[in-house]
Amino acid sequence: MIKLVILGCFVCWMFIRQLSKSKPNSIWRIKLRRFSRYVLIAAVAWLITVAFGSVKYQIYTDKTFTYQGKAQTVFAWQENRLLPIKSFATPVLLSLDYQTAYPISDKTISVLAKQYPYEPYPLGIGQFLGTLLFFLLLLSYVSRHRHTDKKWQNAVESDTKSEYKNFIKWSRNNPLRLLHCKTMEKKAAKAMLSIDQRGRLKLEMYRQGYATHGLNSPFLEMLRAVVNSGHSNITVKAEHSNNVKVLSGMDDVSNFIANASALKPKLFMEKYVNRLLEIARNRETPSKFDPHVLNSHEYLRFTYPEPNIANQLLEKQLVSVLNQGKKRFIGDDIVQFNSQSDASTVLSDVCLEFTYMCNLERTDGERIAGMWGGDLAHKTITMDKVELPSGHMLWLVFGMFFSWRLVVDGVEVTTGNGYTLPDSNVCNLSRPTKRDMPAKSEVEKQIFEVVALSNVSSLFAQLMGLNKDNINNHMIKLNKETALDVKHQTEKSNQLAQSLEDALRGEALEELMLSSGKVLYEQNKQAIDAVIRDYIQNNGDTDTVMMIINLLGDSVPELTSGLLEIIGGSDE
């Protein structure tokens, strides 16, 4: 019988093992493999318990008894072989060939049990432990949460810190679940250390590559400072510079235009338009721009949004482009930029502070900051559901001056500044064209969002080390050719990132900790240099296009859907 049990267990285990090999990553195959291991261990425990456990009977041969006047018997205690203790032992009369057990009455038991007491068997403890092991195995299998394997597999396949943290959080919600997931938690901790180290290596590799091309990237230096500090969350704060003085009665608006126009948007627009009206009326030969100034209605003169709104919009754009950039260089897990104005943001010990000023009447290369004018093609318009006469309109296409500083644990780590001018091809998207418009303040927000995006894109290109003059002499073309270039560059960047991840993921954590970003750059020099050269040649167009897709989908749906169709949702 034992041989048949052994053979049956072995055949069952081989069948399940072979079946699970056909689809090793299938959840049900994983469960089958685990079930087969439980069965095999339980079978071995049972065999050992039966083979080396207690005897079946404790027999007293001192005296024989006649059972019902027919059979000669001796008194014995029949053991429970799985749990050989007195409570489970049964007094019986046993035939002299020890094959047949006869029951006896309670009265006879009370007499014979005193004459022939039960004696604990020396191997009973082993028998008990074997039984206990069997039941613990059964309990362990039954108590395991049915979603454990699926959740762990999702974490391993995604190979991100967020998924590993979600798994650990889920496993700790229940003490019993925690016992089952202890080994997985240790693996998750090692995997997260591996992710951090892979990110550091890639960052050092790109720093080496950019330095080789003569580029000093403040953004990469910021990332390096944050990674070395051990922090992962960076709070981004943007606010208008307060180092300016706004005088409501100021006659000369030059200073207003240069640095304080966005602090008092309505007052500025009033003074600026009055100055332009005076110039237009006194001009002997009218310019093409003068009719827009002379004939524009007040409700079609669009200024900046209020400073608190402008700060929020700018923070949103800075967070978008910074997260887009860090994903390219160190992955999506190690650091995360968050907007201070976002209600869900928990303030961290790392803060990247931007102060800015908006200015007009500036020219550099092909880029110009100033007031734009145009006229609507409709006879009437509706603004906030109120019908109004159409006509000429004015709106602001501004440049920006940025100062930034990175503060880690209360210590200023790095500072810098940059001056940006808008790309007119991007700013054309800000032109109001629809007959039905929302409230004037909403239109001003939409215009600011587009123009600020162009400035932020230029700022990030400078943060990546690109030359400001080259940026200002470049205008993006929002067409199919540019989209294909972005697609090509993004694919190359993604392929490089994937090949690096595949190579580094296969290394043990100890080997990763000893690796060098410089060596990694030398090993992948050709591919890295190609990605950096493409970025230099297109003057940061990739980031501009991705920002348009990510942030202006509602404002220019046709353009963003067309770009997405070509690019294929890259970089996401």
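Because the model is predicted, local features need pLDDT of at least 70 and side-chain atom pairs count only at pLDDT 80 or more, whereas totals for chains, interfaces and linings use all residues. Residues are numbered from 1 along each chain as its sequence is written, and side-chain values use heavy atoms, with hydrogens and water left out.

An open sheet of mixed pairing is formed by five strands in the order 7-5-8-14-15. Strands are DSSP runs of E with at least two residues, helices are runs of H or I with at least four, and both are numbered from the N terminus. Two strands pair if DSSP finds at least two bridges between them. Strand 7 (336-339) and strand 15 (411-420) stand at the edges with a single partner strand each, so one side of each lacks a neighbour in the sheet. The twist from one strand to the next averages 20°, with axes fitted as lines to C-alpha atoms and angles running from 0 to 180 degrees between N-to-C directions. Strand 8 (residues 350-359) pairs with strand 14 (residues 399-408) in the antiparallel sense, over ten bridges. Methionine 357 stands opposite phenylalanine 401 of strand 14.

Three cavities of 30 Å³ or more are present. A cavity is a set of points on a 1 Å grid over the protein atoms alone where a 1.4 Å probe fits but cannot get out, and lining residues have an atom within 4 Å of a point. Grid points are joined across faces, edges and corners, and a volume is the space filled by probe spheres set on the points.

The largest cavity has a volume of about 110 Å³. Of its 13 lining residues, Arg328, Gln489, Ser493, Tyr535 and Thr542 are the closest to its centre. By class, this lining has seven nonpolar, four polar and two charged residues; Ala, Val, Leu, Ile, Met, Phe, Trp, Tyr, Cys and Pro count as nonpolar, Asp, Glu, Lys and Arg as charged, and the others, Gly among them, as polar.

The second largest cavity holds about 80 Å³ of space. Its lining comprises 14 residues, with Arg367, Asp423, Ser457, Ser458 and Thr544 nearest the centre. Helix 15 gives the most to this lining, with four residues.

Methods:
On a 1 Å grid over the protein atoms alone, a cavity is a set of points where a 1.4 Å probe fits but cannot get out, and a pocket is an open set with protein on both sides within 12 Å along at least five of seven lines; lining residues have an atom within 4 Å of a point.
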